[in-house]
Amino acid sequence: MVKQLLGALVVVAALVGPLALETESTSIVQQPPLTATLSPLYVNPGGQVTVVALQACPQPMQVFWSLGPGALSGSAATGPDGKWTVRFPAPATVGSVPFFAHCAFSANANAAAMYQQLNFTVVAPVRPRYTG
Amino acid sequence: MRGVLLLLVVAALGAGGLALREDDHEVAWSGSWVATAKVGEVAVYPSRGAAEPTSHLKSPTTSGAALVFLVDGRKVRGEWLPVHLPVRPNGSTGWIRAADVRLVPNDYRLTVDLGERTLAFERRGEVEWSTPIGVGKRAMPTPRGRYYVKELLMPSDADDEELYGPFALGLSGYTDSPGAVDFRGGDGALAIHGTNDPSSIGRRVSHGCIRVPNDVISFLASTLPMGTPVDIT
C-alpha cells in the first residue's frame, strides 16, 4: 500500500513536474532523465515489449511504469545495482504508445524522481490490401 | 498533507481532459472524441435507445487492430454515442452504447484537398503544415467525405513497400470504382500511405488511396492516434 502510494506520487510528480515545483510544502525534486532502451520499436498487438535500464536508479527501489499519462500500469524491483528491466505485452490499440518509467529515491532529505518517456508503435499484423 | 492533496488535485486536472468518469460523459472538447472498443463485439443501433441493433462489429478487427470509432460531434453525453462507422456505404453512422467503449479526446485532424492535391496536418484547430500528395486517377477518383484513421499497417516485404512505403494508415472509407474495388485481393479500403515512387506525389495516379512522401507517412504513423478525422474535399 505504501509502495503504491509512493508510486502514484512519483507518477504525479513526473507528469506535472513543472507545476509540482511551484506547490507549497512539496518536497519533490525533478532529476535528469532516466535512460533506457526499448525494443522492438514496432510491435504487433500483444507482442512483448522489453525496456532495459541503461542508467541505474540511484538507490535500489521500485521502478514504476505506465503506458500513456494518468495511469500506473505496473512496477518492478530494481536489482542491487539499481538496474531494472520491464516486460509487458503491447496494447491492442495500434498507433504510437508512450512508455513512461519513473524511479524514486531521496536526495539531500528530499524525495526525488527520475523519469523517462520512450515511444513505440503498435502495428496491425497483416499485409496491406488497400487500393494503392 | 496539504501539498499531497494539492498534487493529487493538480494531477486530476492535468489528466482531466484525458479521462472520463464512467457515470458522466457530458464533457465538451475542442477536437474530436475517439471511441475504442473494450468488448469483443460492439452492437450498432439505428438511433439512440433503439431496442434492436442493426449490426455487430468485432474487435479486434480482421486486421488484428482494436476496433475504433470517430464520435460524431464534439459533445458526448449519457449512455449512447453517435459514431461514424468503418463500413460501406461511405458516410455510414450509427449509435453505440458508451459502456462498450473507452473514450479518449484527440487534438489532430487531416484535411485532403483533391483539387489542390494537398494534405494538411492540423492540431488543436490550427494547420501546422501541408504536403503535396498523389490522389486517385480520373477513372478511379478518391471519394470525398469524412473518414477516420482506423488502423496502422507496416508493409513487411519489398513488394508491399514499393507500393505503400514504410507505413499505411487504413481509413474508414472505401472506393467503389471498377478495377479498384478488388485491387490486390482487397475490399477497396482507402488508406493514406507512403510510396517508393516519389514521382507519383502531386499527381492523379492511384486507385483511390492517398500517397504522401515517406517521411510524411513515418511522421503520421508515429503521431496520429487511431480515430483521427480525415476530411477529403
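Which residue in S17(B) is the bridge partner of B:Val112? The partner is B:Ile232. This is a predicted model, in which local features need pLDDT of at least 70 and side-chain atom pairs count only at pLDDT 80 or more, whereas totals for chains, interfaces and linings use all residues. Residues are numbered from 1 along each chain as its sequence is written, while chains are lettered from A and ligands numbered from 1 in the order in which they are written.

Strands here are DSSP runs of E with at least two residues, and helices are runs of H or I with at least four, numbered from the N terminus. Two strands count as paired if DSSP finds at least two bridges between them. In general, the strands of a sheet pair through backbone hydrogen bonds, either parallel or antiparallel.

Four bridges connect S13(B) with S14(B) in the antiparallel sense, and B:Ala168 stands opposite B:His193 in S14(B). Two bridges link S14(B) to S16(B) in the parallel sense; there, B:Ile192 has B:Ile210 as its bridge partner in S16(B).

Is S14(B) enclosed or open? Because five of its five residues are buried, S14(B) is largely enclosed by the rest of the structure. A residue is buried if 20 or more other C-beta atoms, placed from the backbone, lie within 10 Å of its own, exposed if 12 or fewer do, and partly exposed in between. B:Ala189, B:Ala191 and B:His193 point one way from the strand, and B:Leu190 and B:Ile192 point the other way.

Most residues other than glycine have a negative phi, and most peptide bonds are trans. B:Arg184, in the loop between S13 and S14 of chain B, has a positive phi of about 55° although it is not a glycine. B:Arg184 is partly exposed, with 14 other C-beta atoms within 10 Å. A cis peptide bond joins B:Arg88 to B:Pro89, with omega near -10°, and B:Pro89 lies in the loop between S5 (80-84) and S6 (93-97) of chain B.
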